[in-house]
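Today I am looking up ring contacts and a few surface details. Here is the model I have open, with my notes below it.

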Amino acid sequence: MSTPFPFTAVVGQDDLRLALLLNAVSPAVGGVLVRGEKGTAKSTAVRALSALLPKVDVVAGCRFSCDPGSPDPACPDGPHEPGAYESRPARMVELPVGASEDRLVGALDIERALAEGVKAFEPGLLADAHRGILYVDEVNLLHDHLVDLLLDAAAMGASYVEREQVSVRHAARFLLVGTMNPEEGELRPQLLDRFGLTVEVAASREPDQRVEVVRRRLAHDDDPAGFATRWADEEAAVRARIVAARDLLPSVRLGDDALRQIAATCAAFEVDGMRADIVMARTATALAAWAGRTDVVAEDVRQAALLALPHRRRRNPFDAPGLDEDKLDQTLEEFSGDGEPETDPDGGPGGGGGQPSPDQGPQDGDTAALPEDGEGPEGQPQPSGAGEQQAVGASEPFRTKVLSVPGIGEGAAGRRSRARTEQGRTTGSRRPAGTLTKLHLAATIRAAAPHQRARGRSGPGLVVRRDDLRQATREGREGNLVLFVVDASGSMAARQRMRAVKGAVLSLLLDAYQRRDKVGLVTFRGSEAQVALPPTSSVEAAAARLESLPTGGRTPLAAGLLKAHEVLRIERLRDPARRPLVVVVTDGRATGGVEPVALAGRAAGLLAAEDVASVVVDCESGPVRLGLAGELAGRLGGTAVTLEELRADSIAGLVRNVQDSSRRAA
């Protein structure tokens, strides 16, 4: 067994270490979400924490780690009689990103349940993690329904497994730690809220600290056991402090003044619901116990806010987590001591949380701040050979129509196109190819019924054999790869038009986030096309690339379509089950090079030949329209929508299938 890197040897990352230790003291805090770039000791610190946790006493032979002092009365291995127990280290269980639901919560043997009436249950990772640590690396890439199951178990302290009216319950109390790289996609705000604390980690920019990180890492890799021995005293001291803080925790007093500061802070930062208040109270109490105090002080409340609130302030996926510390300090000062807020001379509390900073540039509608040089009449394109123009901001996003891929796929669970999935409505049955996961009870009974006499049935129950079992086939929704191909040429460069175009793409990105899609961004202008963002789960990265997108030059439409074709070819090798949806945002013009229109037509034909679902967002404006975007959509085998028709509240209909609509029109 490999020797883990000592927790006390981790250099820097004070917030990360504190958040983990507070959860070790009080698991009721609700776990930790660690956000940060690659190579910042996220996984190292989590794995090291398990070595600091005190040993646990468990009932001998119990697969669910029951405490011999108070065994779970509903334990599937129970009831437990007083007697033998054993002590073992607290476990750290890792949940792989590709784990199935049965691997997480456990599996019931449906065949034995039907034929013998026996609840044969194989425990999952939640049972293994009971009274230990459950670690989920890249939690943002875990399927949403697994995240829901995981967080429900963490909140209730129990796991429930139900299959066709056969159910099992067992205790599942654990320290939950998730790590993620925001560049690979965010968690939904509803799921973020379920994590008690969050910390942002980043590599130090101090040379001396970076040197020390490398020195310790190399020393550990050269002699893991010797390195651990050198840090044994520090590890023992922290382990003893955790035990002492746990013992002190029930004696910590959370006074009315501290409670009022907690409530005022949550109200001042406009967090949703009451979970933030509860988590802050538990965190402040754990901080006091960790410091060896029996009273919660204002500094405990402040530190609790810095750990518990930043991730709860996001209102949409493009908001960055964070907290205005000046506003926090002002709120705590206003509600300190007498419980009555001080009156601000300007008529209310100050603080600039949520206000645009001076370097954000003009906001939507601040047209007076935009430079006017080189801009033609409003809504009219500039000449196609115009030079590069500065990037402009996007207009306000709106709710878009649902764009879906036709047919039935088998991709990752999502909310866009029809697909065969593990979750969803039952549409039929089939023989199971491997382990039975979703029983189709009626089909199983129909398969077993004709054979009852031959099998010698004599009692009221059915005689069921493995060949009789039928797997339910279900239809739900999948996530797709939405590849945006955006025209950034001079014909799009009129500021009001590009503002509207960016607003439309931003709206589609928001829709992709809500439907669990991967997104990619290809732009074309001048003489070439480039991949501004390879396919990723991070719509935030796509929005950032879009925001800084400049315009100008000719319109190499063919290059943009060919680049999209290349991106899809590579992505098909990486993720063959995920079906693509290409969204071309253009006015349909093609300029530059030899026969640009013919080249664009042939490039569109390549995508159409591979049956790639596509939609063209027609950005043409003005009283005279050439209809070039509609012609492009026809060559792609897709459909065209105007910016106005893209809105969900337009009169053109609520749902548009991107290929079927074109075929019906033809």
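I started with phenylalanine 5, which is buried at a relative accessible area of 10%; buried means under 20%, exposed over 50% and partly exposed in between, with a 1.4 Å probe and protein chains only. This is a predicted model, where local features need pLDDT of at least 70, side-chain atom pairs count only at pLDDT 80 or more, and totals for chains, interfaces and linings use all residues. Residues are numbered from 1 along each chain as its sequence is written, and side-chain values use heavy atoms, leaving out hydrogens and water.

Next I searched the whole structure for aromatic pairs and found two. Phenylalanine 5 and phenylalanine 227 have ring centres 5.3 Å apart and planes at 35°, so I note them as tilted. The rule pairs rings of Phe, Tyr and Trp (its six-membered ring) with centres within 6.5 Å; planes under 30 degrees apart are stacked, over 60 edge-to-face, the rest tilted. Phenylalanine 227 is buried too, with a relative accessible area of 3%.

What does phenylalanine 227 form with tryptophan 231? I get another tilted aromatic pair, 6.2 Å centre to centre with 45° between the planes.

Then I checked charges over rings, meaning NZ of Lys or CZ of Arg within 6 Å of the ring centre and within 35 degrees of the ring normal. Lysine 327 has its charged end over the ring of phenylalanine 269, 5.1 Å from the centre. Arginine 647 lies over the face of phenylalanine 398, at 4.1 Å from the ring centre.

Last, I looked up valine 213: its relative accessibility is 42%, so I list it as partly exposed.
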